[in-house]
Amino acid sequence: MIGIETSQSSIQSVESTVQLIYFRRPLKARFRALFILRSIGCDLSVKWIAKCLHDDSALLKHELAYCLGQMQNKTAIPVLIEVLEDVSQEPIVRHEAGEALGAIGDILARDILKKFTKDSCKEIAETCELALRRIDLVSSTGVKTESPYQSIDPTVAALSEDVDELGATLLDTSKPLWDRYSAMFKLRNINTDRAIKALAQGNVSFAICLYCEDSALFRHEVAYVLGQAQSPVAIQELKDRLTLPSENCMVRHECAEALGAIATEECTSILQNYVNDGEVCLLFLRCSQCPFCKIRRIQGYLFPA
């Protein structure tokens with residue numbers, strides 16, 4: 001079956017959220033609508049999410065692409081291919097489209113991903129390399145990359161339980177990006193203070209990988225998993241990269257999202273200083289301060305508790 005069957009109740013649920021996601025509502029409301037559509041996961045959800053992929057907001061578009069991958073609905077493949085091929089789209093959006101194709105894991109996307117492993121944008125080329133390898137893994141072994149955080153990861157988590165070994169792999173720029181990602185996801189899954197600190201070659205923390213200058217893609221993924229882990233241990237490093245104007249926008253965005261996920265008073269204070277910095281922080285500040293409901297975060301998604 002190519003898609004996911006659409007029940008009458010799903011259609012009604014989708015239609016009730018269309019106004020939020022499609023028209024000019026506040027970004028926070030549109031994100032909430034997106035996550036509802038993502039949870040429904042039917043073909044009609046894919047259709048409505050796809051309608052927003054030419055929005056003015058790069059932040060929203062990149063999250064749309066991410067959600068399409070997490071839904072693993074194969075009807076999204078042509079939509080995501082179109083986004084990946086569209087050089088007028090922001091790199092952060094094209095990156096998420098490539099990663100989403102890998103998350104869906106269908107061999108139909110293999111040729112296009114192989115083509116874009118040669119993309120002039122390094123982050124997109126690296127994304128497509130990882131996505132291509134995940135598709136090959138899924139098609140040859142059936143191995144899934146589902147995480148304890150209810151997300152489809154770009155790679156498998158490493159088998160090792162040795163935090164020092166994992167930390168060393170994480171920081172070793174001579175290792176393939178796949179191996180470094182695998183170590184990163186394993187450390188996130190362990191999620192102890194020691195795992196987050198992940199000592200390697202001295203007293204440096206797991207979050208020190210936010211300073212690895214070899215790959216903005218890697219730094220942005222480190223920030224993402226630190227948000228999933230929700231550990232206050234990483235606040236300073238996340239702040240350092242967020243406050244660096246020269247940092248890649250993908251990385252700054254994920255740092256802001258991670259701080260919103262950790263959601264301490266210190267995080268709120270940091271984000272408050274950047275509410276006028278484009279759109280990267282405003283959404284996550286508002287959600288961490290929401291006076292109307294408690295917020296719980298799952299894999300970067302916001303839901304009322």
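**Salt bridges and a recorded site**

Author: The side chains of Asp 164 and Arg 194 form a salt bridge with an N to O distance of 3.2 Å; a salt bridge here is a side-chain nitrogen of Lys or Arg within 4 Å of a carboxyl oxygen of Asp or Glu. This is a predicted model, in which local features need pLDDT of at least 70 and side-chain atom pairs count only at pLDDT 80 or more, while totals for chains, interfaces and linings use all residues. Residues are numbered from 1 along each chain as its sequence is written, and side-chain values use heavy atoms, with hydrogens and water left out.

Reader: Which residue forms a salt bridge with Asp 153?

Author: Asp 153 is buried at 4% relative accessibility, where buried means under 20% relative accessible area, exposed over 50% and partly exposed in between (1.4 Å probe, protein chains only). The closest N and O atoms are 2.7 Å apart, and the partner is Arg 188.

Reader: Is His 95 buried or exposed?

Author: UniProt, in an unreviewed entry, lists His 95 under "binding site" together with His 62, Glu 63 and Glu 96; positions follow the numbering used here, feature names are shortened, and annotations may be inferred rather than shown by experiment. Among the contacts of His 95 beyond four places in sequence are Leu 217 and Met 250, contact meaning heavy atoms within 4.5 Å. With a relative accessible area of 0%, His 95 is buried.
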